[in-house]
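Colleague: Could we go through the aromatic rings and the helix packing in this model? Please begin with the ring pairs.

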Amino acid sequence: MKKGLVMEGGAMRGLYTAGVTDVLMKYGISFDGAVGVSAGVAFGCNYKSLQPGRVLRYNLRYGSRPQFKSWRSWLTTGDLYGADFCYRKLPEVLDPFDTAAFARNP
């Protein structure tokens, strides 16, 4: 029998999912496949790359910065979250995402 993991979305409610996936990683629990929506996908990437604690770490460290999330960003770009900061600077420079581990994990 195959096992699957479904990770819900819902903006910052995805932090709950991040906590659950951290515990799954701690105990070495894996799945044959995984799907997610919105924050479930964004935070679920850390499960596939085996980086426990990363979601909580970067949300606590950078979540209050206006580059991360702000009304100014929403008014000027139409996006509450700063795409360049969240999808380039944070994972490439500030808190590196392990793309090699992600690619190795089926």
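Modeller: This is a predicted model. Its count of aromatic pairs comes to six.

Colleague: How are the rings of Phe31 and Tyr47 arranged: how far apart are their centres, and at what angle are their planes?

Modeller: The centres lie 6.2 Å apart and the planes stand at 55 degrees. Planes over 60 degrees apart would count as edge-to-face and those under 30 as stacked, so the pair of Phe31 and Tyr47 is tilted.

Colleague: Where in the chain do Phe31 and Tyr47 sit?

Modeller: Phe31 belongs to the loop between α1 (14-26) and β2 (33-36), while Tyr47 is in helix α2 (residues 39-48). The two are 16 residues apart, and the pair links distant parts of the chain.

Colleague: Is Phe31 buried, partly exposed or exposed? And what about Tyr47?

Modeller: Phe31 has 25% relative accessibility and therefore counts as partly exposed, because buried requires a value under 20%. Tyr47 has a relative accessible area of 10%, so Tyr47 is buried.

Colleague: Turning to Tyr62 and Phe85, what kind of pair do they form?

Modeller: Tyr62 and Phe85 form an edge-to-face pair, at 6.1 Å centre to centre with 70 degrees between the planes. This pair also links distant parts of the chain: Tyr62 lies in helix α3 (residues 54-62) and Phe85 in helix α5 (residues 83-94), 23 residues apart.

Colleague: Are Tyr62 and Phe85 buried or exposed?

Modeller: Tyr62 is buried, with a relative accessible area of 6%. Phe85 is buried as well, with a value of 6%.

Colleague: Which residues do ring pairs link into a cluster?

Modeller: The cluster consists of Tyr62, Phe68, Tyr81 and Phe85.

Colleague: On to charges. Which ring does the charged end of Lys3 sit over, and which one does Lys48 sit over?

Modeller: The charged end of Lys3 is placed over the ring of Phe31, 5.9 Å from its centre. For Lys48, the charged end sits over the ring of Phe102, at 3.9 Å from the centre.

Colleague: Now the helices. How do the axes of α1 and α2 cross?

Modeller: The two axes come within 9 Å and cross at roughly 20 degrees. Angles under 35 degrees count as roughly parallel, and α1 and α2 are therefore roughly parallel to each other. The crossing of α1 past α2 is right-handed.

Colleague: Which residues meet there?

Modeller: From α1, Gly14, Leu15, Ala18, Thr21, Leu24 and Met25 meet Ala39, Phe43, Asn46 and Tyr47 of α2. Tyr47 is thus part of this contact and also the partner of Phe31 in the tilted ring pair.

Conventions: Residues are numbered from 1 along each chain as its sequence is written. This is a predicted model: local features need pLDDT of at least 70, side-chain atom pairs count only at pLDDT 80 or more; totals for chains, interfaces and linings use all residues. Side-chain values use heavy atoms; hydrogens and water are left out. Rings of Phe, Tyr and Trp (its six-membered ring) pair if their centres lie within 6.5 Å; planes under 30 degrees apart count as stacked, over 60 as edge-to-face and the rest as tilted. Helices (H or I, at least four residues) and strands (E, at least two) are DSSP runs, numbered from the N terminus. Buried means under 20% relative accessible area, exposed over 50%, partly exposed in between (1.4 Å probe, protein chains only). A charge sits over a ring if NZ of Lys or CZ of Arg is within 6 Å of the ring centre and within 35 degrees of the ring normal. Axes are lines fitted to C-alpha atoms, for helices over the stretch in contact, and angles run from 0 to 180 degrees between N-to-C directions. Angles under 35 degrees count as roughly parallel, over 145 as roughly antiparallel, 65 to 115 as roughly perpendicular and the rest as oblique. A crossing is left-handed if the near helix is turned anticlockwise from the far one by less than a right angle, and right-handed if clockwise. Contact means heavy atoms within 4.5 Å.
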